[in-house]
Amino acid sequence: MKNKPLALFKYARVAPKCIAILIWASLSLGSAWADSKGPVVPPLPKYQTECAACHIAYPAGMLPAPSWKRLMGSLDKHYGTDASLDEASVREISQWLQVNAGTYKRVREDPPQDRITTSAWFVRKHDELDPAIWKQAAVKSASNCIACHTRADKGSFSERDIAFPKGLDARFRRNWSD
């Protein structure tokens, strides 16, 4: 009986350290999980305003940090368009993109021309689609995620949020699951 209170005291001293380690581990796993499931961090308002003026504000996790750095460093020739911003906006958006860039396995490598649509994971996810689908008026291009992913503007690309685009030729329904 004499040793039991001492044993409890010993565990009481160790318990906070164990709890701290468990909390740290769960936060680390949580961020890794978030990386693979989409953005947990809401988009920076300035990023949302500036980038979503022309296309959806793609989740920062869809590209690795080096790709975002190159994109933000060449806004004057952003895929054939001058998307220049003032220096303060570029700095603020760039910093946010670097902090929230993809770090998980599927975005470790820089995609050709820093295009999400040419990344290996994007091509693999869309390989069952007829390439002609991207040229259809209802879709327009592979970068027009919202055409099929109904919640892409909210950062969700879940299978349950995919819908066959209205006006898309029925011959493309062959591999569609909705």
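**Rings and charges in a predicted model**

Me: Which salt bridge do aspartate 153 and lysine 154 form, N to O?

Reply: Their side chains meet in a salt bridge at 3.6 Å, N to O. The term takes a side-chain nitrogen of Lys or Arg within 4 Å of a carboxyl oxygen of Asp or Glu. This is a predicted model: local features need pLDDT of at least 70, side-chain atom pairs count only at pLDDT 80 or more, and totals for chains, interfaces and linings use all residues. Residues are numbered from 1 along each chain as its sequence is written, and side-chain values use heavy atoms, without hydrogens and water.

Me: Is lysine 154 buried or exposed?

Reply: Exposed, at 58% relative accessibility. Aspartate 153 is partly exposed at 37%. Buried means under 20% relative accessible area, exposed over 50%, partly exposed in between (1.4 Å probe, protein chains only).

Me: How many salt bridges does the structure hold?

Reply: Seven. Among them, arginine 151 meets aspartate 161 at 3.7 Å, N to O. Aspartate 161 is buried at 11%, and arginine 151 is partly exposed at 39%.

Me: Switching to rings. How many aromatic pairs?

Reply: Four. One of them joins tyrosine 47 and tryptophan 68, edge-to-face, 6.4 Å centre to centre with 90° between the planes. Rings of Phe, Tyr and Trp (its six-membered ring) pair if their centres lie within 6.5 Å; planes under 30 degrees apart are stacked, over 60 edge-to-face, the rest tilted.

Me: Is tyrosine 47 buried or exposed?

Reply: Buried, at 2% relative accessibility. Tryptophan 68 is buried too, at 6%.

Me: Which residues do ring pairs link into a cluster?

Reply: Tyr47, Trp68 and Trp96.
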